[in-house]
Amino acid sequence: MHIPNVLNLFRGTLLASALVAIVPVVQAQSEPATPAKPNIVIVATGGTIAGAGASSANVNAYQSAVVGVDKLLAAVPELQKVANVRGEQLLQIGSESFNNERWYTLAHRVTELLNSKDVDGVVITHGTDTLEETAYLLNLTLKSKKPVVITGSMRPGTALSADGPLNVYDAVLVAGSKEAIGLGTLVVMNDEIYSGRDVVKTESLKVETFKSFYGPLGMVVEGQPHFFRTPSRPHTVNSEFDIEQIKSLPQTDVVYTYGNMNPVALNAFISAGAKGLVWAGFGAGSVPDYMDKPLKDARAKGVFIVRTTRLAYGYTVRNGETNDDKNDYIVADDQNPAKSRLLLALALMKTHDTKELQRIFWKY
């Protein structure tokens, strides 16, 4: 073989070897690294999502709070594809049985988890009866920007078309989403994402029961959370309330109005030690003439009065049908009676000045 041909062949072999060595490196550098899965803790508290019926046809007749968190997770194997998930059974109750002590237990445990560097977000499985109250309380008192998502179900896991598994899956997706950071406590149900501040249970049986007058913050579509708006009212790290500073809450109660009502319930609450009363009034919180004096007498005894509406939604106007300035009352802005009761209890930990209490209601 001619010497130049041998040299050309040798050079070609070297070049080919060099390209073979380089190409895998270039390909390895061009392939994006797989993002680390978020670490999510599911805190189970019971409720319908942990319920079971006698048969799959029992959609509304069932026993709640009987299924443990391990079985809840086992029903959604897809979770491990989107997050590193672990669960813990904190409570096992129907949410109608939540009280201050159980709220403290939940809030303090969630705080411990949020303070852990190994936790990126928390999901709480919860009964739907008091879900909106728990969401509002945590939204006001937790001190972390990490996502906290509450979910539940309207049908037990044993029912046909059970909604719990998908709700849990969606909640984990949202809790692991960077877009959810700093939005406060969220409620994820029926593919929709709501702020814990203004979400309300509106229907006793339907899976689409949770709504907000202002609409959802976003929705989950095919495994992807999509956000369209953010909460404007202060919450979590921007709130003046801190769950770690709260050891007990003053007694506050709700007086529900109805035609031909009497002052028995109002007076009983006062006798039992109520420091504040939420007046769940007609329309925009109006007071019938025959209840005007009992309400004024309650305020004269030092009991704080917050006027709101018994309706599902609505704004309570100050000095509308009632002279709030003269009577030294507070109006609830747009909050319903249940949430107003919680905010009043928190506010009374800060001040007993009615002008300052009114500021707090307008702010939160």
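1. In which strand is Ile42 found? Ile42 belongs to strand β1 (residues 39–46); helices (H or I, at least four residues) and strands (E, at least two) are DSSP runs, numbered from the N terminus. The model is predicted, so local features need pLDDT of at least 70 and side-chain atom pairs count only at pLDDT 80 or more, while totals for chains, interfaces and linings use all residues. Residues are numbered from 1 along each chain as its sequence is written, and side-chain values use heavy atoms, with hydrogens and water left out.

2. Ile42 counts as buried because its relative accessibility is 1% (buried means under 20% relative accessible area, exposed over 50%, partly exposed in between; 1.4 Å probe, protein chains only). Not counting residues up to four places away in sequence, Ile42 touches residues including Val69, Leu73, Val123, Thr125 and Val172, where contact means heavy atoms within 4.5 Å. Thr125 lies 83 residues from Ile42 along the chain, yet their C-alpha atoms are separated by 7.1 Å.

3. The largest nonpolar core holds 49 residues; such a core is a set of buried Ala, Val, Leu, Ile, Met, Phe, Trp, Tyr and Cys residues joined through side-chain atoms within 4.5 Å. Val110, Val122, Ile124, Val187 and Leu343 touch the most other members. Apart from this core lies another, of 29 residues, among them Ile42, Ala83, Tyr169 and Ala180.

4. Helix α5 (residues 131–141) is mostly covered, with 11 of its 11 residues buried. Among them are Tyr136, Leu138, Asn139 and Leu140. Leaving aside neighbours within four places in sequence, Leu343 is in contact with Tyr136 and Leu140, among others. Thr236 is located in the loop between β10 (224–227) and β11 (252–256) and is buried, with a relative accessible area of 3%.

5. An open sheet of 4 strands runs in the order β11-β12-β13-β14, with parallel pairing (two strands pair if DSSP finds at least two bridges between them). Because β11 and β14 (330–331) stand at the edges with a single partner strand each, one side of each is left without a neighbour in the sheet. β11 pairs with β12 (residues 276–281) over 5 bridges, and Val254 stands opposite Val278 in β12.

6. Helix α8 (residues 289–300) packs on this sheet, touching β12 and β13 (304–309), and its direction makes about 140° with that of β13. Axes are lines fitted to C-alpha atoms, for helices over the stretch in contact, and angles run from 0 to 180 degrees between N-to-C directions. Helix α10 (residues 337–348) lies across β11, β12 and β13, at about 155° to β12.
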